[in-house]
Amino acid sequence: MPTPPRTRSRPGTGRPDVTTTASSGRTRLAVRAGAAAGWLSRVTGRGAGATISGRVINRIAPDALTELGRGLRITLVSATNGKTTTTRLLTAAVRTGTEPVASNHTGANLTSGLAPVLAAARRPGLAVLEVDERVLPRVVDPLAAELLVLGNLSRDQLDRYGEVHAVAAAWRRVAEAHPDLHVVANASDPHVVHAAEPARTTWVRLGLRWRADAATCPVCAALLDWGARFACPACGFAEPDTPHHLDGDTLVLDGVRVPLRLGLPGRWNLDNAALAVAAAVTHHGVDPAVAAAAVAGVDTVAGRYMTVPLADGRRARVLLAKNPAGWSEVLEWARAEARPTVIAVNARVADGTDPSWLWDVPYELRRGLPTVASGDRCLDVAVRLRYAEVTHTVEPDPRRAALALPGDEPVLVCSYTQFAALYHRYGDPDA
Amino acid sequence: MRESALRIGLVYPELLGTYGDRGNALVLAQRCRWRGVAAEIVEVPAGEPVPAGLDCYLLGGGEDAPQHLAAAGLRASRAALVRAHEAGAVIFAVCAGFQLLGHSYVAADGTVLDGIGLVDARTTAGATRLIGEVVVAPDAPLPLLTGFENHGGRTTLGPGVRPLGRVRAGGGNGDGPGTDGARADRLVATYLHGPVLPRNPALADHLLGEVLGPLPPLDSVWEERLRAERLAAGSRTGLARWWQQRRLARG
């Protein structure tokens, strides 16, 4: 039976429900069933719900995504680190135009999370969507995406995601199937280059500081040479030449210098902003200065870099770090700023249940700086800090841990599930 | 007390370092230093031969493609490794490192990767990956061990070697008899990551003791607290395990 189109919001949240204009009854049922299957997968500990929710939606309504994507020009953003921020920055840059732009700005990046955003989108219009690394290959075709923005690939949640090479190979199959697809990608990450090479790719050289997950050539498995750029001595695979690169805090686009003054901290956010501005300029035709001004206005991204209140009236700055590449960037920043810091680590299903990567992160950078080990896995952190010879205290609750630190604004670096809980309680859903 | 520094070799960390196994080297080095014994970590970069003159050789876990490169390097260095072992060095191998010490590894597509045959063991790729907390009961004097496994290998030991211990929870060698790893004179191999030595200070001291002789005790309060917590997490089975994961999944 055909259902009349309608739009509904959950009271108080301002978030659209799945029941909206563009979707048929079958598609709505599929999205709900997919979300339920994902929830079941998570609570029974079988997985994180990414695969199953997409499969269920596909089984019930094979054309759900095709239907939901109709009338929208869709950009998909993916990476191991920075996809939520890059999506937010690109959305800000593209919104300087006249067309409506839909985006999953809360970081719901699985098929079941994309569906309600698409259903609520105004059309004709644009959509800028963050997509989980493993979900990306499954949604490019049904959504008829016109642009992919690909940041970086490194080790993350090995218990769930598997090895980096497998993710890169799945991305590459997408590019091989779509040699005309426009991709804006990081030229300095061997896994990303291998994945995006077959497509029509605009490369941006960002430099790669975390190289521990890119020791071997993705093409022939020989050891890569890492000079100023990477190159494989065995098969010739190398960093592509490009007129676009990041020079300190200035993005150079084909000779045009675009200074990036960000409201977000850290070197890693310059990478995110450079990709976002490059995509907005080269694909969406946004003026470079206008795009740079738009990204400069972003100072919190779905709760990242927000502050939360402490019991003594101070506030703590919240950063999210999920894997060794992300942690090493955050630690460099906290060292440079000499910030008292809580190291809060959970290892629940959504975090990845294996925190062995703690031993690949240079926590030695905390020597001489006030530090607290926190989270469900505070004992793992405490032992790691002990062997790094970092003086520290131990407090499982992250906000109480921050309370024990000196300074006007201690930093609370936390895993995904802690971050999600803090955002749920203190975050502004529209930020 | 020895005069020279204990030299701890971290073999091919770029290739065999996917699961934090570098931590094992740091734990051995620090537990020497805290006892007043100088120690240094010698990284053996991929592409170079493994030197013979080290006191410990650590091999960690790695991804499939890098494992081929690591295997080639180890085969080329076999003589040096055997010589060092016979001269008193300790070998400690985890996961892919363990597989490469064996005779062979047969991948899912049938490709055979030759190991160095230092341990009488053969591995084939299984249909599923074994992922999760593991508890292993080794022979005395070692206490219960805790670790985290993430591998697709099924390793069968030959008559020439005994296992590190019996698996109380988790998969371990995954070949049927419910054992994990391998153990010989001055050689321990296991599937346990975590990494395993920060969680099991007694195993770390056992390895050091094989080189240094009897060791004075060391305060390991935090390590033992972590070990107790992980043993409890790994020992939950059936309904209790399901309930725990359900609670964890709630976030």
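Visitor: What percentage of the 431 residues of chain A count as buried?

Guide: This is a predicted model, and what follows should be read with that in mind. A residue counts as buried here if 20 or more other C-beta atoms lie within 10 Å of its own. Of the 431 residues of chain A, the share that counts as buried is 57%.

Visitor: What radius of gyration does chain A have, and why does it agree with that of a compact globule?

Guide: The C-alpha trace of chain A spans about 65 × 55 × 40 Å along its principal axes. A compact globule with 431 residues would have a radius of gyration near 22 Å, and the value for chain A agrees with this because it is 21 Å.

Visitor: How many helices and strands does the secondary structure of chain A come to?

Guide: Among the contacts in chain A with a separation of 6 or more, 66% are accounted for by residues 24 or more positions apart. As for the secondary structure of chain A, the total comes to 15 helices and 17 strands.

Visitor: Which residue in β4(A) stands opposite Leu76(A)?

Guide: Strand β1 of chain A, residues 72-78, is mostly covered, with six of its seven residues buried. β1(A) pairs in the parallel sense with β3(A), residues 125-130, over six bridges, and in β3(A) the bridge partner of Thr75(A) is Val128(A). Four bridges also join β1(A) to β4(A), residues 147-150, and these two run parallel. In β4(A), the residue that stands opposite Leu76(A) is Leu148(A).

Visitor: Which residue does a cis peptide bond join to Pro124(A)?

Guide: Pro124(A) lies in the loop between α5 (111-120) and β3 of chain A. The cis peptide bond has an omega of about 0°, and the residue joined to Pro124(A) is Arg123(A).

Visitor: Within what arc do the buried residues of α11(A) fall, seen down the axis of the helix?

Guide: In helix α11 of chain A, residues 288-296, the buried residues are Pro288(A), Ala291(A), Ala292(A), Ala294(A) and Val295(A). Seen down the axis of α11(A), these buried residues line one face of the helix, because they fall within an arc of 160°.

Visitor: Which elements of chain A are included in what covers the buried residues of α11(A)?

Guide: The buried residues in question include Ala291(A) and Val295(A). What covers the buried residues of α11(A) includes α4 (83-94), β10 (250-253), β11 (256-259) and α10 of chain A.

Visitor: Is Tyr305(A) buried or exposed?

Guide: Tyr305(A) lies in the loop between α11 and β12 (307-309) of chain A, and has a positive phi of about 70° although it is not a glycine. The cut-off for burial is 20 or more other C-beta atoms within 10 Å. Tyr305(A) has 20 such atoms within 10 Å, and therefore it is buried.

Visitor: Which element gives the largest share of the side of domain 1 of chain A that touches domain 2 of chain A?

Guide: The domain assignment of chain A gives domain 1 (65-296) and domain 2 (307-426), and their C-alpha centres lie 28 Å apart. In the contact, 16 residues of domain 1 of chain A meet 13 residues of domain 2 of chain A. On the side of domain 1 of chain A that touches domain 2 of chain A, the elements that give two or more residues are α7 (158-161) and α10 (267-282) of chain A. The largest share of that side, three residues, comes from α7(A).

Visitor: How many nonpolar, polar and charged residues does the side of chain B that touches chain A have?

Guide: The contact takes 31 residues from chain A and 34 residues from chain B. On the side of chain B that touches chain A, the elements that give two or more residues are α1 (22-33), α2 (64-76), β8 (145-157), α7 (221-235) and α8 (238-249) of chain B. By class, this side of chain B has 16 nonpolar, eleven polar and seven charged residues.

Visitor: Does Cys95(B) count as buried or exposed?

Guide: Cys95(B) lies in the loop between β4 (90-94) and α4 (96-101) of chain B, and its phi is positive, about 55°, although Cys95(B) is not a glycine. Because Cys95(B) has 29 C-beta neighbours inside 10 Å, it counts as buried.

Methods:
Residues numbered from 1 in each chain as written. Chains lettered and ligands numbered in written order. Predicted model: local features only at pLDDT ≥ 70, side-chain atom pairs only at ≥ 80, totals over all residues. Buried ≥ 20, exposed ≤ 12 C-beta atoms within 10 Å, placed from the backbone. Pairing = 2+ DSSP bridges. Rg over C-alpha atoms; globule rule 2.2 N^0.38 Å. Contact = placed C-beta atoms within 7 Å. Nonpolar A, V, L, I, M, F, W, Y, C, P; charged D, E, K, R; others polar. Domains from an automatic or database assignment. Arc of directions from axis to C-beta.
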